[in-house]
Amino acid sequence: MMLATVVGNLFATRKHPFFEGKSLLIVREQTPHGRAHGPTFLAVDRVSAGMGDRVLINKEGSGARLLFGGEEIPLQAVIVGVVEGVAMEESLQ
């Protein structure tokens, strides 16, 4: 699992049949403190996230495919939650 921010939407006129009717969002990983970290990547949205939302992502291919019940699905990352806030112990900050 990782934290990320939604930075864009993907629109495609032709795509794998699995993605029909599903939202594909462009996200960027971030640190718990909210700083961008790493490149952007695509994730299937399961929670109706929107632009600028801080989200929780399952970015493990097999774990992500389990959410949809299929091993042949071309999927690596799924948005599984919208994050309202992050609280950390002072020793970890």
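**Exercise 1. Rings and charges**

Over the ring of which residue does the charged end of Lys22 sit? Then describe the aromatic pairing in the structure.

*Solution.* The structure is a predicted model, in which local features need pLDDT of at least 70 and side-chain atom pairs count only at pLDDT 80 or more, while totals for chains, interfaces and linings use all residues. Residues are numbered from 1 along each chain as its sequence is written, and side-chain values use heavy atoms, with hydrogens and water left out.

Step 1. A charge sits over a ring if NZ of Lys or CZ of Arg is within 6 Å of the ring centre and within 35 degrees of the ring normal. The charged end of Lys22 sits over the ring of Phe18, 4.4 Å from its centre. Lys59 is placed over the face of Phe41, at 4.1 Å from the ring centre.

Step 2. Rings of Phe, Tyr and Trp (its six-membered ring) pair if their centres lie within 6.5 Å; planes under 30 degrees apart count as stacked, over 60 as edge-to-face and the rest as tilted. Searching the whole structure gives one aromatic pair. Phe18 and Phe19 form this pair, with 5.0 Å from centre to centre and 75 degrees between the planes, and it is edge-to-face.

Step 3. Buried means under 20% relative accessible area, exposed over 50%, and partly exposed in between (1.4 Å probe, protein chains only). Phe18 and Phe19 are both buried.

**Exercise 2. The strands**

What pattern does the protein chain follow along the sequence, and in which order do the strands close into a barrel?

*Solution.* Step 1. Helices (H or I, at least four residues) and strands (E, at least two) are DSSP runs, numbered from the N terminus. The protein chain has five strands and one helix, and the pattern along the sequence is β-β-β-β-α-β.

Step 1. Two strands pair if DSSP finds at least two bridges between them. In general, strands of a sheet pair through backbone hydrogen bonds, either parallel or antiparallel. Here the five strands close into a barrel in the order β1-β2-β3-β5-β4, with mixed pairing. On average, neighbouring strands of this sheet are turned by 55 degrees against each other, direction ignored (axes are lines fitted to C-alpha atoms, for helices over the stretch in contact, and angles run from 0 to 180 degrees between N-to-C directions).

Step 2. Strand β1 (residues 2–10) runs antiparallel to strand β4 (residues 54–58), and four bridges join them. β1 is also joined to strand β2 (residues 24–30) by six bridges, again antiparallel. Thr5 has Arg54 as its bridge partner in β4, and Arg28 stands opposite Thr5 in β2.

Step 3. Six bridges link β2 with strand β3 (residues 36–45), and these strands run antiparallel. Leu25 stands opposite Ala43 in β3. The hairpin of β2 and β3 has five residues between the strands, and Gly34 in it takes a positive phi near 95 degrees.

**Exercise 3. The core**

Which residues make up the largest nonpolar core?

*Solution.* Step 1. A nonpolar core is a set of buried Ala, Val, Leu, Ile, Met, Phe, Trp, Tyr and Cys residues joined through side-chain atoms within 4.5 Å. The general background is that in soluble globular proteins, nonpolar side chains tend to be buried together.

Step 1. The largest nonpolar core has twelve residues: Met2, Ala4, Val6, Leu25, Val27, Phe41, Ala43, Ala49, Val55, Ile57, Ala77 and Ile79. At least two residues of this core come from each of β1, β2, β3 and β4. β1 supplies the largest share, three residues.

Step 2. Another core, of eight residues, lies apart from this one, and includes Phe18, Leu24, Ile73 and Leu75.
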